[in-house]
Amino acid sequence: MKERRRVAGGWGRSSSKGTSASFSWFALFAFLCCALCATVAYSTFRIFAVSSRPVLLPTWQTSAINALASDHPFLRRDTTTSKNGSSMHPSIEIQEAISFPDEVLLFLRFPSSLPQSDLVCIYYHPSSRTPHVHFPAVVPSRTTPFISCPVGPRGFPVSISPDLPMLHPLPSDHLTYAALVDPDDNSTIVFAKGFNLRPARLSDPSRFECVFSWNFSKPKYLLTSPALTAAQEIIRCSTPPSILLRLLSRPHLDPPLISVKTKDRGATTLPSIARPETLPASPRQKRHTMCVCTMLRNQAKFLPEWIIYHAHIGVERWFIYDNNSDDDIEQAIGSLTMSSNYRISRHLWPWVKTQEAGFAHCALRARSHCEWVGFIDVDEFLYLPTNVTLHDVLQNYSSIPWIGELRTTCYSFGPSGRKTTPLEGVTVGYTCRLLAPERHKSIVRPEALDPSLANVVHHFRLKEGMRYVNMEKGLMAINHYKYQAWDAFKEKFYRRVATYVADWQNEENVGSKDRAPGLGTKAVEPPDWSSQFCEVNDTGLRDSIFVNFVDPRSGLLPWQEGELKFYSSNQYRED
């Protein structure tokens, strides 16, 4: 530094005064430019709450954040002010963030007019609260109240804009996720993961209580009530009178959050996002004789055949629990409801491995509409091989008050030599099955179910004094198109919806009947797949389809491509 000063001093003495003055002005100008740049940079960091330390932003640029925060109407806060000068509510609110094994769902509240494209998921550093990394968000459909984000770094909060709050995602396997209030007995049914109760067995309800509050962070405002039943993921509690009165008299107000608390040593209350839906009271006369509940994911292309066929044999209403589909299911349902006025309700149910809880939830919601409710999958078809109709069967058992469940045998069909999914539908394309039936599925009276709602997918626990009937195979059965052509069958490797069934890619219960025999845990097509699971040629349902459904002019079936006119996805009934 001294050497530099000596050199600079010598150079100054040998220059003229004019040159010295010019240099001074140049130095002053350079200093002001640096100061201005520093001020702008510091202000930019202040605006976005970013520290001056390096931050990992692989593809994210400050200009992009700025554009999204200020220009995108989905992320922009409403800057309108009220008459008293206070700011109005933001145009969008992030209500909850829930982490799943392969994604994080952000539940949003926003005006329907706001666009949903080009959203981003921003993960923030937990200590510095600075943007760390971003990913494009996936919007499952225009009507879903949530978006999907890739799983971010562990412990990092997430948002969709620097102008909106950051949330730490709650784990989906330790969560109260749904609740219903039943006015028939003034109880509240709570659906929760995290207690690991045994399948198909009743647990001791004295170990649990329900907690009601609008703010769990303020213990003095909590209301509790004892559990009446406990089984699997379902806890039923009595509803506090003050809560029941508020829900029934002022249903337009936000309901409280409800959770479940253990009462033993080390008592814990599960995190909750569950705000209850109040069920209608059971009417004396039901509108429908036969309804169906199902849970599905990405089965839209199979819905038309399944709905049209079952409508023909007497099903009047469908409750579809959508387990986070992203395959245009709205368009498929819209087509069906508008073309033939089918009564189809789609209920969003993104919770992983909760089929039993979902079926219990559906049974309660269907109770006020339906005398009988069947629980079958989209690849299962009720088949009545004689002249006896489904209405005849149900009417016969409706006259016997102590019959609460009809158990129907399932026959499993194989690929039947098919290499690809048959365009004419599964009922026509697959005609070879295993000889022996596999298990059964049930049609139940909702009022006959045990208050615990315990079930194992195939059947429910019934109230004391109620009985089930095993249907004669020659009268009514279920064709289960379980082992389809490989391009359709391999989707089963993604994830199983049943709570107590291992995913097929896991090295667990490999010999279970829930798996394909000999297939293992890899989604790799065996060389002889198309010829497997074929012991008996059974064309009974196929022949009935040809008689009742083929258009004599075109020779096509109503669910074949081109037969249904597709409508916009907002033209269907939704809960």
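Q: Hi! Which residue in β2 does I94 stand opposite?
A: I94 stands opposite L108 in β2. This is a predicted model, where local features need pLDDT of at least 70 and side-chain atom pairs count only at pLDDT 80 or more, while totals for chains, interfaces and linings use all residues. Residues are numbered from 1 along each chain as its sequence is written, and side-chain values use heavy atoms, with hydrogens and water left out.

Q: And how many bridges join β1 to β2?
A: Six, and β1 and β2 run antiparallel. Strands here are DSSP runs of E with at least two residues, helices are H or I runs of at least four, and both are numbered from the N terminus. Two strands pair if DSSP finds at least two bridges between them.

Q: What sheet do they sit in, and in which order?
A: An open sheet of four strands, ordered β5-β2-β1-β7, with mixed pairing. Its edge strands, β5 (146-149) and β7 (170-171), each pair on one side only.

Q: Switching to the second largest pocket: what is its volume?
A: About 1100 Å³. A pocket is an open set of points on a 1 Å grid over the protein atoms alone, where a 1.4 Å probe fits and protein lies on both sides within 12 Å along at least five of seven lines. Points are joined across faces, edges and corners, and the volume is the space filled by probe spheres set on them.

Q: How does the lining divide by residue type?
A: Into 16 nonpolar, four polar and 10 charged. Asp, Glu, Lys and Arg count as charged; Ala, Val, Leu, Ile, Met, Phe, Trp, Tyr, Cys and Pro as nonpolar; and the others, Gly among them, as polar.

Q: New topic, K193: is that lysine buried or exposed?
A: K193 is buried, with a relative accessible area of 14%. Buried means under 20%, exposed over 50% and partly exposed in between, using a 1.4 Å probe and protein chains only.

Q: What does its side chain sit beside?
A: A polar atom of the K193 side chain lies 3.2 Å from the backbone oxygen of K353.

Q: Where in the fold is K193, and why is that strand called largely enclosed?
A: K193 belongs to β9 (residues 187-193). Seven of the seven residues of β9 are buried, so the strand is largely enclosed by the rest of the structure. S187, I189, F191 and K193 cover one side, with T188, V190 and A192 on the other.

Q: What pairs with β9?
A: β8 joins β9 through seven antiparallel bridges, with L175 as the bridge partner of K193. β9 also has five antiparallel bridges to β12 (residues 234-238), where C237 partners T188.

Q: Last one: which residues of α4 are buried?
A: I243, L244 and L247 are buried in α4 (residues 241-249). Seen down the helix axis, the buried residues of α4 fall within an arc of 95°, so they line one face; the arc is that of the directions from the axis to the C-beta atoms. P241 and L245, on the other side of α4, are exposed.

Technical notes: On a 1 Å grid over the protein atoms alone, a cavity is a set of points where a 1.4 Å probe fits but cannot get out, and a pocket is an open set with protein on both sides within 12 Å along at least five of seven lines; lining residues have an atom within 4 Å of a point. A polar contact is a pair of N or O atoms within 3.5 Å; within protein, one must be able to donate a hydrogen and the other to accept it, and residues adjacent in sequence count only if both atoms are side-chain atoms.
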